[in-house]
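Please open the model in your viewer and keep the sequence beside it, so that each stop on this tour can be selected by residue number.

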Amino acid sequence: MNEELKKLLHETIDQGLYQIILSNARKKDGLVKVKIRPVMLKGMLMFQESIYRETKVFHENYRETEVSERIENYILHDFKQCEIEHTNMKAIILSSKKGKVTVKKKYDIGQSGAAYGGRPISMEHNRTKRYILQEGTPVPFLIDLGVQSADGRIIRAKYDKFKQINRFLEFVEDILPALPTDREIRIIDFGCGKSYLTFAIYYYLHELMQRDVAITGLDLKTDVIERCNQLSEKYHYHKLQFLKGDIAEYEGATGADMVVTLHACDTATDYALARAVKWKAGVILSVPCCQHEVNKQIVCEKLQPVLQYGIVKERMSALITDALRADLLRAEGYETDLLEFIDMDHTPKNILIRAVRKEGISERRRREETDKVSEVADFFHLETTLQKLLQ
């Protein structure tokens, strides 16, 4: 085992640890990520391991030596990246296919010399949900957008929005190792709307993670764009700008490291995804909305007894649309997942497409993946906009 890794774990597996996140799974077996944090059980320091497998989470507690061994095993066999947040440092571990382990450490960043940005460490075993943006801590953009009061309390009617913002930031946290560290991170948000999440991304990356980031939000509503630019100026967010424009016609950039598209209606999502592929964006986060295109086309004699019900046809069409989008991104060299964004209790538009670009897909593999999509599309007698745009 890599001696530098052993030394790092020895330095960080203690009471000063905030959390460890293992992500970017090597296998498609349902294992998504693992989070580890310290807990006090009957006066003894233990480490709680939360295993995220598909939509379920499993918890186990381990001693220091046990959890160190488990982390080493995870890095060698299950995950390609590991992020450690400790009071003394922040570290990222990358593990290649051949087992080469690279360790990058950064000391004394964030507030009060804390690598995790000054967040208090809770040792409670059954602690309440700890959000990245915490209730009780005033965040300027949340106050101005009506989510928080001036003293940091969450406005009751906006609590679902608060949870949604934090859930989205967890996705950003997971893909952080895929973003560049040696230069400015360029992000485009297509169809940004009121920009709750656009501001949240900038705040998280710029303020909490101390990263050099430039974000452009694009929307068709003039009043919304003007309001967002006013807030950006107010907070001195010099690299956060909002422009009026159409996704399909936008030519204001030649590339991006991350493309975000949230609730872009119907085929607008396809134009955003196609643009991201053209730019070879490293990360795509998309929450599609109003998938009407497939609903208008879908025909399948064998499934007609099911498709005769309007609500079933609508939901099936939405699921087929997003699954085909994910498969087309896979054919373009992306590792893709369909994830639950927020609970169905809050909105049915709750699927997030997460795509992280991987190098080295062969033309043969690309054709095979594309042919699979074509077979499914032919079965349902349809052709999607994204298929046309990527041909």
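Begin by selecting Lys105, which counts as partly exposed at 31% relative accessibility; buried means under 20% relative accessible area, exposed means over 50%, and partly exposed lies in between, with a 1.4 Å probe and protein chains only. The model is a predicted one, in which local features need pLDDT of at least 70 and side-chain atom pairs count only at pLDDT 80 or more, while totals for chains, interfaces and linings use all residues. Residues are numbered from 1 along each chain as its sequence is written, and side-chain values use heavy atoms, with hydrogens and water left out.

**Salt bridges**

Helices (H or I, at least four residues) and strands (E, at least two) are DSSP runs, numbered from the N terminus. Glu11 counts as partly exposed, at 26% relative accessibility.

Next, select Arg366 and Glu332, whose salt bridge has its closest N and O atoms 2.6 Å apart. Arg366 lies in helix H11 and Glu332 in the loop between helix H10 (310-331) and strand S13 (334-340), so the pair ties together parts that are 34 residues apart in sequence. Arg366 is partly exposed, with a relative accessible area of 24%, whereas Glu332 counts as buried at 15%.

Now select Arg364 and Glu368, which form a salt bridge with the closest N and O atoms 3.4 Å apart. They are separated by about one helical turn, because they are four residues apart in helix H11. Arg364 counts as exposed at 60% relative accessibility, and Glu368 is partly exposed at 37%. The structure holds 22 salt bridges.

**Aromatic rings**

A pair of aromatic rings is described by the distance of the centres and the angle of the planes. Rings of Phe, Tyr and Trp (its six-membered ring) pair if their centres lie within 6.5 Å, and planes under 30 degrees apart count as stacked, over 60 as edge-to-face and the rest as tilted. By this rule the count comes to 13 aromatic pairs. Select Phe199 and Tyr235, whose ring centres are 6.0 Å apart and whose planes are at 80°, so the pair is edge-to-face. Phe199 lies in helix H5 (residues 196-208) and Tyr235 in the loop between helix H6 (222-234) and strand S10 (240-244), so the pair ties together parts that are 36 residues apart in sequence. Phe199 is buried at 0% relative accessibility, and Tyr235 is buried with a relative accessible area of 13%. Both belong to one aromatic cluster, together with Phe141, Tyr202, Tyr203, Tyr237 and Phe242.

**Positive phi**

Most residues other than glycine have a negative phi. Which phi does Asp266 have, positive or negative? Asp266 has a positive phi of about 50° although it is not a glycine, and this buried residue, at 15% relative accessibility, is found in the loop between strand S11 (258-265) and helix H7 (268-279). Finish at His381, which has a positive phi of about 55° and lies in the loop between H11 and helix H12 (385-390); His381 is exposed, with a relative accessible area of 54%.

Definitions and conventions:
Salt bridge = Lys/Arg side-chain N within 4 Å of Asp/Glu carboxyl O.
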